[in-house]
Amino acid sequence: MERFVDLHTHSLQSDGTLTPAELVREAKKAGLAAVALSDHDTIDGVREAMAEGEKIGIEVIPAVEFSVKSKTTTHIVALYPDIENEEFVDMLEGLRLSRLERNAETARLLQKLGIDVTLEEVMEMAGGKVIGRAHFAKALADKGYTSSVKEGFDLYLGNGKPAYSHAFHPTAEAIIKLIRRAGGVSIMAHLNQTKLEDDELRKTLIEFKEYGLDGVEGYYTEYTPEMQEKYQTMAKELGLILSGGSDFHGSIKPHISIGTGTGNLRVPYAVLENIKKLKENR
């Protein structure tokens with residue numbers, strides 16, 4: 001029987017709603033052979049997730065998702081970084097401090113728009129150590145300013161929208177090279193969210209490959225079958241490996257299930273095997 005994996009998930013250590021251990025149990029319940037915990041800008045939940053994986057018998061991959069400087073939305077997922085690497089840990093601490101500044105700016109921008117959502121209430125609602133835009137989006141929906149988390153991004157919080165904070169993001173080059181130095185595999189996430197035309201996306205991937213980018217998410221919750229085929233073909237042509245995942249967040253995005261996304265996602269275990277081979281052969 002074919003085995004499946006989910007290499008893009010979030011716990012309450014960033015903007016998800018399950019503890020790392022709960023997320024791993026959810027992955028096991030869903031029948032997955034492996035899961036990567038890729039919280040935003042933090043590895044705080046990785047050890048808990050890996051310990052739970054050993055306990056219940058499911059492979060857990062250490063990971064983290066970085067936001068990088070871009071005109072649109074560009075995220076890089078690090079798979080298998082050395083979570084004890086001093087340089088890697090220092091970067092995450094710097095990003096934690098930057099995120100605090102971004103969150104405060106987002107709250108100020110919302111207030112300027114006449115939207116009564118404060119940083120304090122978002123922090124209380126989040127309950128985790130790392131607050132993200134999804135928490136603000138949920139607060140907007142809960143207070144009736146939007147009809148959904150997605151609408152919060154579309155109207156206010158997405159890149160270029162009126163409450164988007166332009167506080168510090170590292171460059172793609174810096175993050176990709178850091179991931180390599182920390183022994184990890186770098187993956188460009190959810191290519192559709194870059195909103196780049198195909199030619200521009202190809203140029204970006206070529207540029208990022210020069211920095212050391214290893215692969216792209218060829219499987220993702222939001223991809224149509226046509227998108228999936230296009231991105232996988234592009235990756236093959238450029239010599240990039242494939243990864244993929246659901247971008248599971250728990251109840252904050254209830255329409256997305258771990259492992260299967262909105263119902264049709266399937267990431268074969270062979271995808272993870274190829275990632276392991278790449279890492280081992282360096």
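Reply: Start with exposure. A residue is buried under 20% relative accessible area, exposed over 50%, and partly exposed in between (1.4 Å probe, protein chains only). The model is predicted, so local features need pLDDT of at least 70 and side-chain atom pairs count only at pLDDT 80 or more, while totals for chains, interfaces and linings use all residues. Residues are numbered from 1 along each chain as its sequence is written, and side-chain values use heavy atoms, leaving out hydrogens and water.

Now the pairs. Side chains of opposite charge can pair when their charged atoms come close. A salt bridge here is a side-chain nitrogen of Lys or Arg within 4 Å of a carboxyl oxygen of Asp or Glu. A search of the whole structure finds 16 of them.

Take Lys-143 and Glu-121. Their closest N and O atoms are 3.2 Å apart. This pair links distant parts of the chain, 22 residues apart. Lys-143 sits in the loop between helix H5 (133-142) and helix H6 (149-157), and Glu-121 in helix H4 (residues 119-126). Helices are DSSP runs of H or I with at least four residues, strands are runs of E with at least two, and both are numbered from the N terminus. Lys-143 is partly exposed, at 37% relative accessible area. Glu-121 is partly exposed too, at 28%.

Next, helix H5. Lys-138 and Asp-142 form a salt bridge, with 2.9 Å between the closest N and O atoms. The two are four residues apart in helix H5, so about one helical turn separates them. Lys-138 is partly exposed, with 25% relative accessible area. Asp-142 is exposed, at 52%.

Helix H6 has a pair as well. There, Lys-150 and Asp-154 lie four residues apart, about one turn of the helix. Their side chains meet in a salt bridge of 2.8 Å, N to O. Lys-150 is exposed, at 58% relative accessibility. Asp-154 is partly exposed, at 38%.

Some salt bridges share partners, and these join Asp-41, Arg-99 and Arg-102 into one network. Arg-99 belongs to helix H3 (residues 86-112). Is Arg-99 buried or exposed? Its relative accessibility is 9%, so Arg-99 counts as buried. The side chains of Arg-99 and Asp-41 are also joined by a polar contact of 2.7 Å. Such a contact is a pair of N or O atoms within 3.5 Å; within protein, one must be able to donate a hydrogen and the other to accept it, and residues adjacent in sequence count only if both atoms are side-chain atoms.
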